[in-house]
Amino acid sequence: MQQPSRKQGGFTLVEIAIVLVIIGLLLGGVLKGQEMIENGRVKSASNDLNGITAAYNSYIDRYRRIPGDDGPQGTLNARGGSWGNAVAAGNVNGTIDAATGDAFNGTGEVDNFFQHLRAAGFLTGDANATGANALPTNAWGGRVGILNAAGIQGRANNAVRLMACMGNVSGKAAQALDAQLDDGAPNRGSLRATQGGNNTVPAGAAGAYNEGQVYTVCRDLT
């Protein structure tokens with residue numbers, strides 16, 4: 001007896017084309033979403049650096065002292081409000097003690113810097129936090145610190161400038177941040193960057209950005 005013929009199962013070319021289009025749209029949406037997230041982080045970091053710069057200058061305008069270096073203790077406590085005993089005084093020597101090793105550890109006068117700005121109401125956060133706990137966190141999970149040394153800057157004559165620094169910034173984001181705030185080059189201008197961003201400040205600015213690397217970026221406050 002003759003067996004009935006069976007139709008072979010499978011997708012038509014039209015069906016395969018539709019599936020491929022859908023997959024392409026999904027992948028495009030995911031990539032676009034990731035790009036939007038990264039752009040949002042860069043914008044957030046830019047706002048943070050601008051905010052710290054504004055807070056620093058506003059503090060000097062109000063108190064005629066440098067945040068972090070301000071003191072003595074009795075002067076701070078007499079202001080009342082958030083200026084409790086946990087807000088430490090600086091040594092009032094006219095500069096912020098913030099060497100390379102202090103920037104992301106909150107040592108020297110680095111934690112004082114953020115304590116004073118918070119107690120004055122120029123930055124949000126706990127004015128009583130000390131050490132590394134006093135440091136804000138940036139959009140990439142690294143710390144935000146203060147540097148008052150020549151190491152990362154790569155300037156002629158080893159010039160020293162006070163800078164706000166961010167650790168753990170991706171290469172692509174560091175380049176975008178530099179382009180937004182400065183000239184897009186890691187070794188010149190008001191924003192300097194160096195490879196190695198695990199909450200450390202390596203010496204010497206990078207010669208060029210590499211998207212596969214992680215950076216510490218530091219921007220002039222003065």
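Modeller: A residue counts as buried when its relative accessible area is under 20%, and as exposed when that area is over 50%. Between those limits a residue is partly exposed. Keep in mind that this is a predicted model.

Take helix H3, residues 110-119. Ten of its ten residues are buried, so the helix is mostly covered, given the limit of under 20%. Read along H3 and you pass Val110, Asp111, Asn112, Phe113 and Phe114, and then Gln115, His116, Leu117, Arg118 and Ala119, which are the buried residues. Just past the end of H3 comes Gly121. Its phi is positive, at about 85 degrees.

Now step to the aromatic rings. The model has seven aromatic pairs. One of them joins Tyr63 and Trp83. Their ring centres are 5.9 Å apart, and the planes make an angle of 80 degrees. That makes the pair edge-to-face. Where do the partners sit? Tyr63 belongs to helix H1 (residues 13-63). Trp83 is in the loop between helix H2 (73-77) and H3. The two residues are 20 places apart in sequence, so their pairing ties together separate parts of the chain. Trp83 has a relative accessible area of 5%, so it counts as buried.

Ring pairs join Tyr59, Tyr63, Trp83 and Phe122 into a cluster. Arg79 lies over the face of Tyr63, 4.0 Å from the ring centre. The charged end of Arg79 also sits over the ring of Trp83, at 4.8 Å from the centre of that ring.

Another edge-to-face pair is Tyr209 with Tyr215.

Next, look at the strands. Asn148 is in strand E1, residues 144-149. Its side chain reaches the backbone oxygen of Ile96, at 2.9 Å. Beyond its close neighbours in sequence (those within four places), Asn148 is in contact with Thr95, Ile96, Ala98, Val160, Arg161 and Leu162. Follow one of those contacts, Val160. Val160 lies in the loop between E1 and E2. At 46% relative accessibility, Val160 is partly exposed. From Val160 to Leu147 is 13 residues in sequence. In space their C-alpha atoms are 9.4 Å apart.

Finish with the sulfur link. A disulfide is a covalent bond between the sulfur atoms of two cysteines. This model has one disulfide. It joins Cys165 and Cys218, with 2.0 Å between the sulfur atoms. Cys165 lies in strand E2 (residues 161-170) and Cys218 in strand E4 (residues 214-220), so the bond ties together parts 53 residues apart in sequence. The link is right-handed, with 110 degrees about the S-S bond. Both Cys165 and Cys218 are buried.

Key
Residues are numbered from 1 along each chain as its sequence is written. This is a predicted model: local features need pLDDT of at least 70, side-chain atom pairs count only at pLDDT 80 or more; totals for chains, interfaces and linings use all residues. Side-chain values use heavy atoms; hydrogens and water are left out. A disulfide is a pair of cysteine sulfur atoms within 2.5 Å. Helices (H or I, at least four residues) and strands (E, at least two) are DSSP runs, numbered from the N terminus. Buried means under 20% relative accessible area, exposed over 50%, partly exposed in between (1.4 Å probe, protein chains only). A polar contact is a pair of N or O atoms within 3.5 Å; within protein, one must be able to donate a hydrogen and the other to accept it, and residues adjacent in sequence count only if both atoms are side-chain atoms. Contact means heavy atoms within 4.5 Å. Rings of Phe, Tyr and Trp (its six-membered ring) pair if their centres lie within 6.5 Å; planes under 30 degrees apart count as stacked, over 60 as edge-to-face and the rest as tilted. A charge sits over a ring if NZ of Lys or CZ of Arg is within 6 Å of the ring centre and within 35 degrees of the ring normal.
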